[in-house]
Amino acid sequence: MSETVSHSEFVLPGIRCAACISKIEDGLSHTPGVHAARVNFTAKKVAVDHASTLDPAQIREAIRTFGFDAEPVLAEAPKADIESRELLKALGVAGFAAMNVMLLSVSVWSGAEGATRDLFHWLSALIAMPAVAYAGRPFFRSAWRALRHGHTNMDVPISIGVILATAMSLFETVTGGPHAYFDGAVALLFFLLAGRVLDSAMRDRARSSAASLLRQTAPGGLVLRPDGSTSWMAADRIDPGMRLLVAAGERSAADGLIEAGESAVDRSLITGESAAEAVKAGDRIIAGALNLDGPLTVRVTAAGPDTVIAGMARLMEAAGQTRSRYVRIADRAARYYAPAVHTLAAASFAGWMIAGAGWHQAMLIAVAVLIITCPCALGLAVPVAQVVAAGALMRRGILIKDGSALERLAEADTVRLDKTGTLTLGRPTPVGALSLEKEEASVALALARVSRHPLAVALASALEKQGTRAAELGRIAEIAGAGIAGEYAGAQVRLGHPDWVGAPDPGKVMATAFRLDGHAPHVIRFADALRPEAASAMNELKAMGMEPVIISGDRGEAVRPIAQALGMPAMVSLAPEDKLAAIERLERSGRKVLVVGDGLNDGPALAAGHVSIAPSSASDVGQNAADVVFLGDSLAPVPIALRAARRTQSIVRQNFALAIGYNVLAVPLALFGFVTPLVAAIAMSTSSILVVGNALRLRSCAR
Amino acid sequence: MNGLGLLIPVALLLGLGGLAAFFWSLSAGQFDDLDGAAMRILIDEDDSEAEAAQ
């Protein structure tokens with residue numbers, strides 16, 4: 001192939017059925033420049049191989065014409081993928097070994113004796129030992145890591161149990177003894193690996209759909225040299241003092257002062273505010289801001305690590321450190337469980353030695369105690385419950401990044417919410433019904449579709465939702481700072497600033513005007529509306545004892561109507577540092593804060609909270625900092641996620657109780673030497689099935 | 001005993017064959033899109049040659 005092929009991936013939140021898959025794949029394969037397109041329904045993504053001349057924005061547009069929203073994402077992080085693949089391979093090996101060893105063990109249990117039994121034990125050893133060495137690595141590695149740092153976790157008793165059981169069984173085999181626990185060791189690994197695989201599958205699913213959402217921050221920009229020539233430079237090579245050309249539709253790659261040009265910029269990436277801000281020479285612009293109308297020349301004042309956006313990232317990193325110290329519930333349980341089990345095994349060994357049983361029999365009983373108490377059901381108790389809950393939530397459009405997020409969400413007792421983009425939609429929507437006639441509406445749509453201005457985009461989407469079809473227009477031109485003009489059936493049409501269109505001044509509100517020559521001009525007002533179901537969601541949070549409070553960076557008068565409509569208190573005019581400080585103050589006083597926010601300015605607060613939720617419309621900074629991301633406009637997912645997390649936690653506790661109850665019954669049997677490999681195998685499987693069955697009750701937890 | 005001498009290697013080889021097939025299917029990406037595979041069977045390919053050509 002002579003041309004170079006590029007690979008792009010897009011998230012498709014809207015695909016639901018087989019018809020969607022074929023529509024997108026079919027449509028893309030007929031798009032010129034696209035070589036191949038493959039939809040991954042599980043991850044709700046499409047991978048496209050295309051000519052490098054076709055840029056991702058065009059493909060995104062193409063997908064939009066098929067009726068689907070698409071967000072470009074970074075191609076998958078390979079590391080996470082390798083990890084879950086390793087686990088799956090280990091699971092395959094453990095499954096193979098467990099089945100074959102069990103087959104041989106069954107014949108031993110049914111009475112094979114003498115040479116046949118020895119042969120079967122040897123065969124089991126040959127299968128089990130490489131399998132344990134291979135499939136046990138994830139546990140051994142993590143146990144070793146914990147021990148080296150002087151901690152203990154669930155993997156320590158698992159590793160000790162498996163290794164001791166294998167070694168003891170090998171000794172039995174060599175000496176021709178009757179009891180070998182090879183089947184127990186590999187079956188244990190198989191069950192535990194199943195739990196691990198589920199856990200990592202959950203993390204992968206969330207990662208692929210949410211964590212890597214990328215809102216194209218500028219990778220670089222066009223630099224104007226003193227001699228008048230221009231060259232494109234990567235963001236990290238841009239220095240203060242350089243002059244940067246930012247074309248309409250581009251994001252600024254550095255912070256700076258505008259030297260020339262007049263335009264409107266969309267800073268929603270940084271602030272979450274949707275309203276475009278008019279800028280002129282002498283105004284400041286920060287990296288990541290989207291230039292909407294006209295070209296700008298910017299004198300760079302800060303670049304790379306010194307930009308506002310990079311500073312915010314550092315603040316977030318520092319704030320996120322408290323969360324990385326969180327200890328998961330399974331590991332907390334292991335802190336008590338592991339020492340108890342090991343003491344018990346050691347005590348039974350000592351006890352039988354004192355009773356005069358001989359070290360061989362004492363050792364066998366100690367190993368039996370270790371195998372019986374090996375936290376098989378405990379290892380499954382948490383991941384199965386969390387995976388089932390995360391799957392149920394995912395079907396409701398709520399993505400959980402990992403299991404610990406569910407645990408922390410269940411512990412949250414206070415909630416703090418951002419206003420713009422979180423309680424509100426974060427984008428303008430037309431106020432009231434559109435007063436345009438059918439013909440006017442179709443002309444307005446044709447004009448609005450041309451522009452990237454947020455009001456034009458909002459108008460276009462509102463008209464499309466009404467089922468309006470765009471009219472055929474001629475001579476369309478976008479005039480910077482004014483609006484869009486065109487010709488329809490010989491008549492002049494204009495959409496844009498009310499003054500320019502010739503409409504009455506609507507005052508200090510977001511508004512645009514439309515005029516078809518020969519008709520009266522129409523003023524269309526916009527507002528950042530509350531999310532649907534915001535009020536009921538807040539009431540539910542109050543009923544759950546979460547004490548919701550607004551923390552907003554906005555002015556008091558902008559926040560007041562929202563706070564009144566929702567009947568909740570608000571803190572206003574907070575800089576990102578103030579939000580962070582407010583959250584940290586609460587955390588220090590012992591509250592576990594759930595932070596709901598979307599913008600870059602919420603990033604540090606999202607990272608500092610005990611747990612955080614962001615809408616999928618959030619800036620990529622917000623989405624990366626949040627533990628939970630919900631799709632769609634409605635705010636109802638927040639209480640749903642909270643309720644599901646609490647219910648999951650109670651199921652996890654029940655599972656722990658089941659697993660421990662089983663131990664209470666089985667340990668005395670082991671202590672008195674009644675546990676044979678057969679009893680161990682039955683006990684282990686029964687407790688695992690019980691735990692899994694209990695966890696499956698969570699399938700309806702997101703309703 | 002002779003029966004065992006034949007059957008055990010056969011059973012193990014079959015098991016190993018299954019394991020090898022699992023490893024292969026894993027590396028070939030067959031487990032990447034489980035829900036999609038269930039959906040794709042419903043796609044009617046009669047009217048799209050492009051799909052069939054793949």
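Analyst: In this predicted model, chain A holds an open sheet of six strands in the order β6-β5-β7-β13-β8-β11, with antiparallel pairing.

User: What makes β6 and β11 of chain A edge strands?

Analyst: Strands β6 (230-234) and β11 (284-285) of chain A each pair on one side only, and they are accordingly the edge strands.

User: Why are the buried residues of α19(A) said to line one face of the helix?

Analyst: The buried residues of helix α19 (residues 534-543) of chain A are A:Ala534, A:Ala537, A:Met538 and A:Leu541. Viewed down the axis of α19(A), they fall within an arc of 100°, so they line one face. They pack against β15 (414-417), α15 (419-423), α20 (556-566) and α24 (637-671) of chain A.

User: Why is the largest nonpolar core said to lie between domain 2 and domain 4 of chain A?

Analyst: This core has 151 residues, and A:Val628 and A:Ala641 are among those with the most contacts inside it. Domain 2 (80-209 + 326-386 + 646-700) and domain 4 (398-425 + 531-631) of chain A both contribute residues, so the core lies between them. Another core, of 28 residues, lies apart from it and includes A:Leu463 and A:Tyr488.

Definitions and conventions. Residues are numbered from 1 along each chain as its sequence is written. Chains are lettered from A and ligands numbered from 1 in the order in which they are written. This is a predicted model: local features need pLDDT of at least 70, side-chain atom pairs count only at pLDDT 80 or more; totals for chains, interfaces and linings use all residues. Two strands pair if DSSP finds at least two bridges between them. Helices (H or I, at least four residues) and strands (E, at least two) are DSSP runs, numbered from the N terminus. A residue is buried if 20 or more other C-beta atoms lie within 10 Å of its own, exposed if 12 or fewer, and partly exposed in between; C-beta atoms are placed from the backbone. The arc is that of the directions from the helix axis to the C-beta atoms. Two residues are in contact if their C-beta atoms, placed from the backbone, lie within 7 Å. A nonpolar core is a set of buried Ala, Val, Leu, Ile, Met, Phe, Trp, Tyr and Cys residues joined through C-beta atoms within 7 Å. Domain bounds come from an automatic or database domain assignment.
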